[in-house]
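Please keep the sequence and the 3D view at hand while reading.

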Amino acid sequence: MRVLILGGDGYLGWPTAMSMAAKGHDVTVMDNYLRRNIAQETCSEALTPNPNLIDRAKIFEAATGKKIDVVIGDAADYRVLSALFARTKPECVVHYAEQPSAPYSMKGFDEARLTLNNNLNVTFNVIFAVIEQAPDCHIVKLGTMGEYGTPNIDIEEGWLDVTHNGRSQKFLYPRQAGSLYHTTKVLDTDLLWFYVRTYGIRVTDLMQGPVYGLSTPEADMDERLVPNFHYDDIFGTVVNRFVTQAVAGIPLTVYGKGGQTRGYLNLLDTLQCVELAMTSPVKKGELRILNQIVEQFTVNQIAEKVKTVGDRMGLNVAVKSIENPRKEMEEHYYNAKCSGLIELGLKPHPMTDDVVAGMLENVLRYKDRIDPSKVMPRVKWS
Ligand code: USQ
């Protein structure tokens, strides 16, 4: 398929581009290096040494013979995005081009405004570029499980049947996000749903949980192809942070009581899910919402897993609860449905001890690059 990947330099965008190109899809990626720039501004550089996107595409081509077309540009600029759609006429656009950090979005006014403007503008531009330049194009949009928050009822896949005063209708499942970043994803979903209803575009909105890992078949070919793996407080997600902390001998930073439950998935499963969504597109006028997670853990359970495997490897891992910089429930009910992607063919890679050990071994290769000053949370929610 002809696929356009927006945000193709990111932790997920780059491995997605390689995976799709390796499978024979015709891949174009666009990125404006927003994440790289914010990482530099906030002293949150990735653990892994990542060549720029143009160089990585050359390295990938030399290793595989497969080409990834790279465009450095800003999807928030409609003329740039529209021209790219006109040139490439994608059958599917994978939209990752958002400021993805919850802590960054809560840092202050400028960071909140950048997150709001960038994320909503790009989604709005994608919608109009599809309508005007490629009306049959299927939008595969990366949303987040964080859109739902932590409700005291089961989390359905996107929709809820409501019966009120004897009458029933299906509505978007109630959303109550826990950061400004997550709230922009709620607003994205509303925008997409509006244009699905009014213009009949086709959209899959993937509600993804925190992703972990740095190994993919393509990344393993050459260390310069490894995704940008973050362990800092801004871009690092909890599993990747704990693995790096274990390697560096820093006590694992459990925020508060550690009962926060989320749905998690291996990077390998993100690649599968996005490709499954792409190759089984929805009809025009349909918004499909899929919960992109494979298993649920509390923060304490993740810390325990990393400690158990790390200790077995002689790392002598400590776990320490620290004051929670976020406003979130630390003990709560959480039960999220996630059958839609399994029905499409997802074969999950659960977080086994071997998977954790593989991550620890991988991160040990970069031990000398870990900067302990990037670990403790610098942003408070209020
Ligand atoms: N946490 C800790 N200690 C840490 C880091 C995090 O206890 O050192 C806790 C957080 O307080 C939170 C949970 O772990 O309760 C998950 O935090 P996270 O930083 O791994 O994930 P989050 O900020 O929610 O965001 C990440 C990605 C985001 C994606 C989201 C999916 O950065 O782009 O949308 O995961 S979800 O969490 O399901 O909303």
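## Ligand contacts

A polar contact is a pair of N or O atoms within 3.5 Å. The model shown here is predicted. In it, a polar side-chain atom of Arg326 is 2.8 Å from an oxygen atom of the ligand. Glu328 also places a polar side-chain atom by an oxygen atom of the ligand, at 2.6 Å. With Tyr255 the polar atom belongs to the backbone, and the distance to an oxygen atom of the ligand is 2.9 Å.

How much of the ligand's accessible area does the protein cover? On its own the ligand has 730 Å² of accessible area, and the protein covers 93% of that.

## The shell around the ligand

There are 23 residues around the ligand, and those that come nearest are Thr144, Tyr181, Val238, Thr253 and Glu328. Sorted by class, the shell has 10 nonpolar, 9 polar and 4 charged residues.

Which elements give two or more residues to the shell? They are helix H7 (180-199), helix H8 (238-248) and strand S10 (252-255).

Side chains of opposite charge can pair when their charged atoms come close. The count of salt bridges in this model comes to 25.

One of them joins Lys337 and Glu156, with the closest N and O atoms 2.9 Å apart. Lys337 has a relative accessibility of 35% and counts as partly exposed. Glu156, at 24%, is partly exposed too.

Another salt bridge is formed by Glu91 and Arg2, where the closest N and O atoms are 3.6 Å apart. This pair again links distant parts of the chain: Glu91 is in the loop between helix H4 (78-88) and strand S4 (92-95), Arg2 is in strand S1 (residues 2-6), and the two are 89 residues apart. Glu91 is partly exposed at 32% relative accessibility, and Arg2 is partly exposed at 36%.

Lys307 and Asp311 form a salt bridge whose closest N and O atoms are 2.7 Å apart. Both residues belong to helix H10 (residues 299-312); they are 4 residues apart, so about one helical turn separates them. Lys307 has a relative accessibility of 25%, which makes this residue partly exposed. Asp311 is also partly exposed, with a relative accessible area of 30%.

Salt bridges can also join into a network, as they do for Asp9, Arg35, Arg36 and Arg56.

## Two residues with positive phi

Lys89 is not a glycine, yet its phi is positive, at about 40 degrees. Lys89 sits in the loop between H4 and S4. Is Lys89 buried, partly exposed or exposed? Its relative accessibility is 38%, so Lys89 counts as partly exposed.

Asn165, which is not a glycine either, has a positive phi of about 50 degrees. Its place is the loop between S6 and strand S7 (167-172). Residues over 50% relative accessible area count as exposed. With a value of 72%, Asn165 is therefore exposed.

Notes:
Residues are numbered from 1 along each chain as its sequence is written. This is a predicted model: local features need pLDDT of at least 70, side-chain atom pairs count only at pLDDT 80 or more; totals for chains, interfaces and linings use all residues. Side-chain values use heavy atoms; hydrogens and water are left out. A residue is near a molecule or strand if one of its heavy atoms lies within 4 Å of it. A polar contact is a pair of N or O atoms within 3.5 Å; within protein, one must be able to donate a hydrogen and the other to accept it, and residues adjacent in sequence count only if both atoms are side-chain atoms. Accessible areas come from the Shrake-Rupley method with a 1.4 Å probe; for residues, only the protein chains shown count as cover. Ala, Val, Leu, Ile, Met, Phe, Trp, Tyr, Cys and Pro count as nonpolar, Asp, Glu, Lys and Arg as charged, and the others, Gly among them, as polar. A salt bridge is a side-chain nitrogen of Lys or Arg within 4 Å of a carboxyl oxygen of Asp or Glu. Buried means under 20% relative accessible area, exposed over 50%, partly exposed in between (1.4 Å probe, protein chains only).
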